[in-house]
Amino acid sequence: MKLTTLIASASLALGALVTSASAQSDYPKDLVRIVVGSSPGGTADTVSRLVAEALTKKFGQSFVVDNIAGAGGALAATTVKAAKPDGYTIQFIFSSFSILPSLNTGVGYDPVADFEPITEVSSAPNLLLAHPSFEVKTLAEWIEKVKANPGKFDYGSGGIGYSQHLSMEMLLQQIDGDAVHIPYAGSGALLGALVSGEVPFAFDTLTTAIPHIQSGAVIPLAITSAERSDVLPEVPAVAEEVPGYELTAWNGFVAPKGTSPEIIKALNEAIVEYLGTDQAKEFFAKLGTTVSGSSPEEFGALIKGDYEKFAKVIEQAGIKPE
Amino acid sequence: MDILSNLALGFSVALAWQNLFFCFVGVLAGTLVGVLPGVGPLATIAILLPITFSMQPDAALIMLAGIYYGAQYGGSTTAILLNLPGEASSAITTLDGYQMARRGRAGPALAAAALSSFFAGTIATIIIALFAAPLAQVAMAFRPPSYFSMMVLGLIASVVLAHGSILKAIAMVLLGLLLGIIGTDIYTGSARLNMGTLELADGVDFVALAIGLFGIAEILRNLETSETREVLTTKVKGLWLSVADLKRILMPSVRGTAIGSALGILPGGGAMLASFAAYIIEKKMSKNRSEMGQGAIEGVAAPESANNAGSQTAFIPMLTLGLPSNAVMALMIGAMILQGIQPGPDIIVKQPGMFWGLIVSMWIGNLMLVLLNLPLIGLWVRFLTVPYPILVVAVMAFSAVGIYSASGTVFSMYELSFFGILGYVFMRLGCEPAPLTLGFILGPMMEEQLRRSMLMSRGDPTVFLTEPISLGFLIVAAAALLLITAPSIARKREEAFSEES
């Protein structure tokens, strides 16, 4: 170990002396840690591992996934925020990254001020699903029924502040309706509650919902993306009934604030290149998500836009921990 | 017979050489992670998931399933030998298993664990093959009030776990409930009792708690004096089960399998609750109940058969409805999706080969596990002859590495140390950790279901009485409470009368 460090520092010193090679050309010289704020397994972890593998091949240095689960991903974010901005610690984030700080001021990070965006990786819409016993077939019928019975119906989510929860709060606010939020411990439990009719309706991700739509266990009413999806072209976008409504769950990479633009650029190019491969496209298609490599600026705008949008929704819905 | 042709199809898939091979790889990996404290099947499956992308869907699922139920076999090994629960679901096995080992009966304890697990695995496989679809419907009929009332019954029954003072047991259950409150309230998002740390936002790490309270505490106790290291000095008497032993484990295995199969189907609880429930029932029903806690072989057979049956019937909601009943099943669903298979109600129709192949492979896997584990018993027992200073260091290091690898935070090391020392203090005070552990598991589930029931009923508590399943559990709970208190009331009266005369 010592010898390699010595060689590395010697070559670094030499490099600085002899040539003025850009930081990018000799990055990475060492193992790069990808912090993921969820337990091993699950989509986020799997996606990060695939990207890590691709980056390892591309750069010839190990990119290692480090799962720091806890506090809905906040623990990972504070770890990365405190890490040296040298490109050797980056984070794989998902939508909750820009939601958590508005839910709980104690999380200890600012999604915009404390990080450098690298790129978005993929995104997926949610579906508004109803149990057949609720007896609505379209979004218009649903809106009518919910508005006529304020506070009478329950709706489920995978947890407080999850995109399934905020999708519903946003919709209820826009149609001026009211329903009681029943949070479940994760998306799997929510799906069970929805299929058994324990809750009459809820938003859930497209991928997990499809088999249950096909079997007729749940009825899809609308999709949260601005446009209809190719996977379920007969399901209208919420925006067709409620103009301006849009919400997608996304994921992507960020680095601690102050990471050099050269390193950000190198990582961005490598990840976007991988996302363009057939292997990546096939993988994300199976997950039912859209590959969406973007520029650091675009991803930064997405994080900031969501941060502001959800801060408003959360404030208006009065979701605040005591 | 439909079932015969289905099973024939299953055998043809499961006996394909590559599926046999991956089944073996799975159960072997499962046994290993089961033996290693801290490293669970969840983390193992997660890490192996990317490898399965390039495999055939049948082989991938057969292997992942093998890891899951294989871990239930391995988990009992360290529980018996070192009082160190290798898996959360084998925490209760330490009670009698370790006592058996201290009496030089580590071999029979390990053999009982393996054989009762195999028995449970076989029965559970048959249950899945015959009744998967109707059982899944039963699970769906469970609503929040029913869950809550079931937990009430569990909590009342947990007092039975004490073999010392009932008062101390109740105190430990309550302490477990309090420890379970730590973490984020899922209904409001508020962090409770986390002392301002993000690390405690998801609550106390159960694995660190169990390994600390049972395993580390026992090591600390052993370090007190050199003479008390009985595990290592007592001559190991016989490795195999006698006919009398076999007779003694039969009924506990049957009861354990029944409870495990029933609880496994229900979301959330699964194998862990099943092992506790089976032990509690054995302590009430067994002919040798007076020996329980002091090295009764029933106390090994019952929980081990229950956790193995539970881990297998947990597949029912996933296979028949596409709904995960725990985190491992959610991962399996993820694995299917990545293989291009949509798990859902029509999977039996669309993928009959995979469905029946997986079921048959479970039985084959169980057979492999018992063949793998029985010869290993001699080897495991020999571990006890390793000089104690070396063994202690190795066990501590493995526990720490295992827990750290799952959590990835230094904080989990503090938790492990804290619960190790706490467990030692409890031991000196004569307080048993098992009731605390059950309180810790039941508490958060109970609270979740209670508050969900109340939210849905808009604050009307009568839902617990109007829902039939819930009412049934409450009646049984009331009866159990009477049964527990009646003898002590009678005894008190006896004492009172004897004083008078």
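The following questions and answers concern how features of this predicted model are classified. Local features need pLDDT of at least 70 and side-chain atom pairs count only at pLDDT 80 or more, while totals for chains, interfaces and linings use all residues. Residues are numbered from 1 along each chain as its sequence is written, and chains are lettered from A and ligands numbered from 1 in the order in which they are written.

Q: Why is A:Gly244 called exposed?
A: A residue is exposed if 12 or fewer other C-beta atoms, placed from the backbone, lie within 10 Å of its own, buried if 20 or more do, and partly exposed in between. A:Gly244 has 8 such atoms within 10 Å and is therefore exposed.

Q: Where does A:Gly244 lie in chain A?
A: A:Gly244 is in the loop between α9 (238-241) and β9 (248-256) of chain A. Helices (H or I, at least four residues) and strands (E, at least two) are DSSP runs, numbered from the N terminus.

Q: Why does B:Arg458 count as exposed?
A: B:Arg458 has 11 C-beta neighbours inside 10 Å and therefore counts as exposed. B:Arg458 also has a positive phi of about 60° although it is not a glycine, and is found in the loop between α20 and α21 (463-466) of chain B.

Q: How do you know that the span of α3(B) is close to the expected one?
A: The expected span of a helix is 1.5 Å times one less than its number of residues. With 12 residues, α3(B) is expected to span 16 Å, and reaches 15 Å from its first C-alpha to its last.

Q: How many residues of chain B are in contact with chain A?
A: Two residues are in contact if their C-beta atoms, placed from the backbone, lie within 7 Å. In these terms, 41 residues of chain B are in contact with 45 residues of chain A. The largest share of the side of chain B that touches chain A, seven residues, comes from α3(B).
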